[in-house]
Amino acid sequence: MSPTAPRKIYILNGPNLNLLGQRQPEIYGYDTLGDVQSNCLEIAGSFGLDCILLQSNVEGQLIDWIHEAREKAAGIIINPAAYTHTSVAILDALNAFEGPVLEVHISNVHKREAFRHHSYVSLRADGVIAGFGIEGYGLAMRRMGSLLKG
């Protein structure tokens, strides 16, 4: 990557987030991942960053993207969805990434079922944003911009 090229942020989304805007809108709202991407691209640009939003229902694919980010990204914003509470493999992959990692959850996981109160990803994350709807992604992108400036 050339020094003048925008630094890329990977925004990784786990299972069922492809249904954002359709699935349980009383919890997750009516905005889509397309809305998230548009908002994040705008905010990233204001920091001289670029971003790519990816979503998979497959744990191994998320791990492959984290590995890819080691070579191509300055930071990772991740909403691992249900894998938050189950995936040591995603934690291990994130531990091999040297840049900042921010964890995002659309809902306030601490007001939900007890099993959602534990996050493996939080053991690696430099920050966690939960309960702000899709605005949490924008907050994470602003924080990423602050972490990477200079």
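Helix axes are lines fitted to C-alpha atoms over the stretch in contact, and the angle between two axes is taken between their N-to-C directions, from 0 to 180 degrees. The model discussed here is predicted.

**Packing of α2 and α5**

On this basis, the axes of α2 and α5 approach each other within 9 Å, with a crossing angle of roughly 20 degrees. Because angles under 35 degrees count as roughly parallel, α2 and α5 are roughly parallel to each other. Their crossing is right-handed. From α2, the contact involves Val36, Asn39, Cys40, Ile43 and Ala44, while α5 supplies Tyr137, Gly138, Met141 and Arg142. By type, the residues of this contact comprise six nonpolar, two polar and one charged.

**Nonpolar cores**

The largest nonpolar core has 26 residues, of which Ile9, Ile11, Leu20, Val36, Ile77, Tyr137 and Met141 touch the most other members. Two or more residues of this core come from each of β1 (7-13), α2 (33-46), β2 (49-55), β4 and α5 (135-148). A separate core of 18 residues lies apart from it and includes Leu12, Leu62, Phe97 and Val101.

Leu20, one of the residues of the largest core that touch the most other members, is in contact with Tyr28, Asp31, Thr32, Leu33, Val36, Ile106 and Ile134, leaving aside neighbours within four places in sequence.

Is Ala44 buried or exposed? Ala44, which lies in helix α2, has a relative accessibility of 0% and therefore counts as buried, the cut-off being under 20%. Beyond residues up to four places away in sequence, Ala44 touches Leu49, Asp50, Cys51 and Met141.

Ala96 is found in the loop between α4 (88-95) and β4 (101-105). Its relative accessible area is 33%, so Ala96 is partly exposed, a class that lies between the limits of 20% and 50%.

| Residue pair | Separation along the chain | C-alpha distance |
|---|---|---|
| Ala44 and Lys8 | 36 residues | 8.8 Å |
| Ala96 and Leu53 | 43 residues | 20 Å |

How values were computed:
Residues are numbered from 1 along each chain as its sequence is written. This is a predicted model: local features need pLDDT of at least 70, side-chain atom pairs count only at pLDDT 80 or more; totals for chains, interfaces and linings use all residues. Side-chain values use heavy atoms; hydrogens and water are left out. Helices (H or I, at least four residues) and strands (E, at least two) are DSSP runs, numbered from the N terminus. Buried means under 20% relative accessible area, exposed over 50%, partly exposed in between (1.4 Å probe, protein chains only). A nonpolar core is a set of buried Ala, Val, Leu, Ile, Met, Phe, Trp, Tyr and Cys residues joined through side-chain atoms within 4.5 Å. Contact means heavy atoms within 4.5 Å. Angles under 35 degrees count as roughly parallel, over 145 as roughly antiparallel, 65 to 115 as roughly perpendicular and the rest as oblique. A crossing is left-handed if the near helix is turned anticlockwise from the far one by less than a right angle, and right-handed if clockwise. Ala, Val, Leu, Ile, Met, Phe, Trp, Tyr, Cys and Pro count as nonpolar, Asp, Glu, Lys and Arg as charged, and the others, Gly among them, as polar.
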